[in-house]
Amino acid sequence: MGHQQLMQITAQKLQQHFANEAVHLLGLGCGDASLTAKMTRELSLASYTAVDLVESVLAMARQNMTRPDLEIHFFQSNIFEPLPVKSSYNLVFSSFAIHHGSLEEKQALFSEIRKRAEPGCPFFMIDAIRLEDQSRDQYLESVSQYFKGISVLEGDWQNFVLEHVNQFDFPESVEQFREIGEQTQWQLMDHHILEELPDYPVALMSFQAK
Ligand SMILES: C[S@@+](CC[C@H](N)C(=O)[O-])C[C@H]1O[C@@H](n2cnc3c(N)ncnc32)[C@H](O)[C@@H]1O
């Protein structure tokens, strides 16, 4: 899904932004955090707080993010409900989790994380998006073509993936995210859509807390 490529771009942006500054990172839908571990390798990461629905992936995340002198906090929770986190963060990151929420849930999440973010805090989001003027049905059709074209993904697996996408993917366009940001005091600074994947549009969006 071009995941690694967008993570590398994010890692470069993070190094430029933070240099040697201490980073307090909030991760949303962290999964096993293996890519977050790589992405933050060159940063002075002081604390990592992360939320995911699934206990078993949080256990993996704990292992992957164990580093000397790093404070870690993991919460099994739904990111579309009030977050169980208390501190203030100077970096927020999420990849491939936020598209699971409805438009209202995404708005509420942006508002919620703004309350936990220091002014100027960057929020990097890598996620599936809808192209401008693409309806959800058109998105689902396009993604279905994408997965049907992957020959190693056969039969049951293909059906499983497509059912998951049909049930859980509610991507928004970049413009819609810009608007959500405007409503919730996050400015969309720039975005990068992966050109290599026209049938499965994926973007890195960089917001900054106003
Ligand atoms: C596709 S995985 C991505 C994991 C990780 N962010 C990465 O990029 O490698 C999506 C993750 O989001 C989590 N997730 C999905 N919906 C969630 C929700 N409503 N609240 C918390 N976590 C959620 C899943 O449990 C899963 O670990």
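Which residue has a polar backbone atom 3.2 Å from a nitrogen atom of the ligand? That's Leu-53. Keep in mind that this is a predicted model.

- Ser-95 works through its side chain, where an N or O atom is 2.4 Å from an oxygen atom of the ligand.
- His-100 also brings in its side chain, with an N or O atom 3.3 Å from a nitrogen atom of the ligand.
- On its own, the ligand has 590 Å² of accessible area, and the protein covers 78% of that.

**The site around it**
- The ligand takes up the space of the largest pocket.
- There are 16 residues surrounding the ligand, and the closest are Gly-29, Asp-52, Asn-78, Ile-79 and Ser-95.
- Sorted by class, that shell has 8 nonpolar, 7 polar and 1 charged residues.

**Cysteines**
- You'll find 0 disulfides in the structure.
- Cys-30 is in no disulfide, and the nearest cysteine sulfur to it belongs to Cys-121, 17 Å away.
- Likewise, Cys-121 is in no disulfide, with the sulfur of Cys-30 as its nearest cysteine sulfur at 17 Å.
- Cys-30 is buried, with a relative accessible area of 13%.
- Cys-121 is buried too, at a relative accessible area of 2%.

Technical notes
Residues are numbered from 1 along each chain as its sequence is written. This is a predicted model: local features need pLDDT of at least 70, side-chain atom pairs count only at pLDDT 80 or more; totals for chains, interfaces and linings use all residues. Side-chain values use heavy atoms; hydrogens and water are left out. A residue is near a molecule or strand if one of its heavy atoms lies within 4 Å of it. A polar contact is a pair of N or O atoms within 3.5 Å; within protein, one must be able to donate a hydrogen and the other to accept it, and residues adjacent in sequence count only if both atoms are side-chain atoms. Accessible areas come from the Shrake-Rupley method with a 1.4 Å probe; for residues, only the protein chains shown count as cover. On a 1 Å grid over the protein atoms alone, a cavity is a set of points where a 1.4 Å probe fits but cannot get out, and a pocket is an open set with protein on both sides within 12 Å along at least five of seven lines; lining residues have an atom within 4 Å of a point. A molecule sits in a cavity or pocket if more than half of its atoms lie within 2 Å of its grid points. Ala, Val, Leu, Ile, Met, Phe, Trp, Tyr, Cys and Pro count as nonpolar, Asp, Glu, Lys and Arg as charged, and the others, Gly among them, as polar. A disulfide is a pair of cysteine sulfur atoms within 2.5 Å. Buried means under 20% relative accessible area, exposed over 50%, partly exposed in between (1.4 Å probe, protein chains only).
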